[in-house]
Amino acid sequence: MVSIYFSVLLAISICVLIYMAQKSYENIDIYYWTIAILIPVVILGYWLKSKVTTPEAAKVTFAFIYLDSTVMLTVMLFSMLRFIGVKVKSWIKVFVYGISMTHIFMIWLCVDNDLYYKKMTLIDTGMGTATKMESGPLKIYHWIYLGIMLLAILAVVIVALLKRGTYSRKSLALYTALTASGLMLYGIETFVDVDFSNLPLLYMIADVVIALEYDRSHTHDISSLISQDKKSHGARGYIAIDLNGRFLSCNAKTYDFLPELEEQIVDERITKAQEAAAIIYSLIDEFRRGRGHEKILNKDGKAFKFEITEFSVRKDGKVQGYLIDIRDVTEEQHMLEIIQDYNDNLNEEVTKKTENIKNIQERVVLGLANMVENRDDNTGGHVKRTSDIVKYIVEEMIRQGVHKFDSVFATDVIRAAPMHDLGKITIDNAILLKPGRFTDEEYEIMKTHSVKSGEIVNIILKNVEEDHFAEVAFNVARFHHERWDGRGYPEGLVGEMIPLEARIMAVADVYDALVSKRCYKEAMDFERAADIMIEGMGTQFDPNMLSVFIGCRAKLEKYYS
């Protein structure tokens, strides 16, 4: 009956071993695997002891069973030390393991003599074979060894409670409880002299608990979360945070950036490094929302970049938390600031040069326009006046929301207005200065000025000015004599085929011609000029300009007064 009980425990421990083998972790915890392998071997010893029929065979089974209080207990001690971050020198490990293995060899060598067990009696209890033993002289070494290990484990617990460090208090408490339970149960059973030990059940439970805890323990081991590529970046710090925002682990380099984390408690939210916590938690929040994966922390004259990725140590790849990569980017930031300053200065210089170029261009344009006006007695001051009228018209269009456009277009139209008649510089003086009506042939020549104006604008602005302004200026110059009804020139465009900027210029050009004095006519009164303008809306001018003209009529008349 007892042998069946032990065989079930043995089967479970083997299943746990197989389960853990399926995890396929990149980083193997050698301490856990040693324990996971020893537990089935020890339980196997208990199972065999319940089946033996001779004292000699029973002594052989004890050679397996005693692996728990020697090698396995030593492994547990070093595992706890590693867990709380205490580095043990290799020679100390070799020495302690040597003592535990010597203890085992001593038991094995005493199978055929009475030095370890003076007497061993087998009792058939009906449930299995129970073993009663009388200790030999060498058994005292076993109790000494257990006493030393017990003191060592107590010392580890005390150090863990006093030591600052990033380790899980919950996991430490769990492993300490399992180890203490094993030692306590072993002592009770030794002095009470029970027939069958319950230690195999405790070992099996410990095996299952550690297996279930194995995933979580990997999240507390930063080396398990960092890829080989990242491990090569020794100058970087790494912090692991679980999905609930609790601190899991970090590497030693992190303390160079954030020394406060040496006092941070594992499995709790970051509270010690408040500046870093603000960065980390806001970064996690933005990462979850898909808004970014990095932030900069400026601290003590240095700049640290925090970059976030998800991590998982599970075979199914299910996300278990976030890995924060920290690196010093002080020099990078300094270089960026230098580059930014240089770019700012460069942009400032470019802006100044651009303004200078624009001023030069405007002076050239106005100079050419003045040359045209100086040749044409009929249009003195026309360039200045039409530029001002265009400005009034554009402002009224914006106010009324007619032909909605942006401020860039508005500025371009106003700037382009002085260029509309530049082509007149190519017209012969005999025609340009003629005081009377043109003949049909002269009128055809005169009409070519709009085409020439467009060509001159292209020569002045192409590859120098921004494309949007060059296009507006060209359209103003070439098409300002087009009519809404298609009877204009040079191309006879109809309606909205005419660029908007040219339609605006046409209103300003004609209105100025009506109310201004020319050598061949007197200035027309405002009332008559307004009637002609209003009458031309829908034939000569864009009908949408009617409300605009009416809206700014008073301002125009005041201007010409």
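By relative accessible area, with a 1.4 Å probe and protein chains only, a residue is buried under 20%, exposed over 50% and partly exposed in between. Colleagues, the model under discussion is predicted: local features need pLDDT of at least 70 and side-chain atom pairs count only at pLDDT 80 or more, whereas totals for chains, interfaces and linings use all residues. Residues are numbered from 1 along each chain as its sequence is written, and side-chain values use heavy atoms, with hydrogens and water left out.

I turn to the aromatic rings. The structure contains 20 aromatic pairs. Rings of Phe, Tyr and Trp (its six-membered ring) pair if their centres lie within 6.5 Å; planes under 30 degrees apart are stacked, over 60 edge-to-face, and the rest tilted.

One of these pairs joins Phe 78 and Tyr 97, which are tilted, at 5.2 Å centre to centre and 55 degrees between the planes. Phe 78 belongs to helix α4 (residues 68–83) and Tyr 97 to helix α5 (residues 90–109), so this pair ties together parts 19 residues apart in sequence. Helices here are DSSP runs of H or I, at least four residues, numbered from the N terminus. Phe 78 is buried, at 3% relative accessibility, while Tyr 97, at 25%, is partly exposed.

A further tilted pair is Phe 405 with Phe 409, with ring centres 5.1 Å apart and planes at 55 degrees. Phe 405 is partly exposed at 22% relative accessibility; Phe 409 is buried at 16%.

Finally, Tyr 392, Tyr 511, Phe 549, Tyr 559 and Tyr 560 form one aromatic cluster.

Technical notes:
Helix = DSSP H or I, 4+ residues; strand = E, 2+ residues; numbered from the N terminus.
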